[in-house]
Each structure stands twice: as structure tokens, then as C-alpha cells.
Amino acid sequence: MADQLHPAAIHHLPPFVTAPGETDVLFMVAAISVVSILVVIGVFYFKLHALPEQLAHRGQKVQFQIVAVLGLIALFTHNHAFWIAGLLLALIPIPDFTTPMSSIAGSLERIAAGTGRAAAASPPREEPPPAVGRPIAHEEA
């Protein structure tokens with residue numbers, strides 16, 4: 001009695017229709033495919049989202065921190081302008097202003113204190129000429 005079809009049913013069923021109580025193979029393949037594709041797209045999205053931070057990692061610490069904050073703001077607000085700003089900031093090298101300014105400040109402090117190289121420099125002393133028969137020693141810098 002279970003083998004009989006309903007009178008309104010067609011006599012030839014397509015292969016994707018499963019009998020009651022059996023595993024639906026097409027559904028399982030589709031479900032696994034959808035979950036796999038979602039995971040791959042998610043990994044690609046987060047890799048793409050972290051691109052500005054990876055580019056800024058080679059730069060200065062301040063630049064990296066600003067790019068990281070812009071990336072987090074873009075991630076949580078879904079505003080792409082922050083991500084684009086972070087990407088542009090990561091691609092453009094920021095000039096180093098602090099090192100020359102620190103050097104200038106240090107030089108000015110030494111000059112003001114009177115301990116600079118110019119104040120402490122003494123006239124060069126003359127060394128006697130080498131004796132005859134002795135090899136000339138090379139000067140070491």
C-alpha cells in the first residue's frame with residue numbers, strides 16, 4: 001500500500017524528490033555549499049578590511065594607530081568613507097618631523113648650556129712626524 005502513488009500525482013517523479021524518511025541529498029549538498037561560501041566570503045571580507053592596517057604596519061606607530069582606529073570605526077559604523085581614509089593614509093608615507101626637531105632642540109640646548117661641540121672644541125694638536133724606519137700607522141676615525 002505504501003508503494004502506491006496518489007491518483008493526482010504524476011507517475012514519473014524527478015530524481016531530487018526523496019521518499020519519506022530518506023535523507024535529502026540535494027538539501028545537504030546545498031546547505032554545505034551555502035555555509036562554505038559564506039565562510040569564504042567572510043574571510044575575504046575581513047582580510048580586505050584589514051588591508052589598510054597591514055599596509056600601515058611598515059610605517060610609523062602613530063600612522064598605524066590612526067589607520068587602525070579608522071578601520072574599527074569603519075567596521076562598526078559600516079561607513080566606507082573611514083575605510084577609504086584609512087587606506088589612503090596607509091598608502092601615503094607621513095614625513096618624519098619629530099627626529100629633526102629633536103635634533104635641533106638638542107643642539108640648541110647644548111649651545112645654550114655652553115657644552116656644545118663648538119664651545120668645547122680646542123685647536124687641533126700637531127703630532128710629531130713619524131720616525132724614519134717605522135711604518136706609518138693609519139688614522140682611525
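Colleague: Which residues is Gln63 in contact with, leaving aside neighbours within four places in sequence?

Modeller: Contact means heavy atoms within 4.5 Å. By that rule, and with those neighbours set aside, Gln63 touches Ala56, Leu89, Ala90, Ile92 and Ile94. This is a predicted model, where local features need pLDDT of at least 70 and side-chain atom pairs pLDDT 80 or more, while totals for chains, interfaces and linings use all residues. Numbering starts from 1 along each chain as its sequence is written, and side-chain values use heavy atoms, without hydrogens or water.

Colleague: Where is Gln63 found, and is Gln63 buried or exposed?

Modeller: Helices are DSSP runs of H or I, at least four residues, and strands are runs of E, at least two, numbered from the N terminus. Gln63 is part of helix H3. Buried means under 20% relative accessible area and exposed over 50%, with partly exposed in between (1.4 Å probe, protein chains only). Gln63 has 4% relative accessibility, so Gln63 counts as buried. A polar atom of the Gln63 side chain lies 3.1 Å from the backbone oxygen of Ile92.

Colleague: What does Leu87 touch beyond residues up to four places away in sequence?

Modeller: Leu87 belongs to helix H4 and touches Leu51, Pro52 and Leu55. Between Leu87 and Glu53 there are 34 residues in sequence, but 8.0 Å in space, C-alpha to C-alpha. Leu87 is buried because its relative accessibility is 18%.

Colleague: Where is Phe16, and is Phe16 buried or exposed?

Modeller: Phe16 sits in the segment before helix H1 (25–49). Relative accessibility there is 52%, so Phe16 counts as exposed.

Colleague: How many helices and strands does the protein have?

Modeller: The secondary structure comes to six helices and zero strands. Along the sequence, the pattern reads α-α-α-α-α-α.

Colleague: What share of the residues counts as buried?

Modeller: Of the 141 residues of the protein, 10% count as buried. Gln63 and Leu87 are both buried.

Colleague: What part of the contacts comes from residues 24 or more positions apart?

Modeller: Among contacts in the protein with a separation of 6 or more, such residues account for 46%.

Conventions: A polar contact is a pair of N or O atoms within 3.5 Å; within protein, one must be able to donate a hydrogen and the other to accept it, and residues adjacent in sequence count only if both atoms are side-chain atoms.
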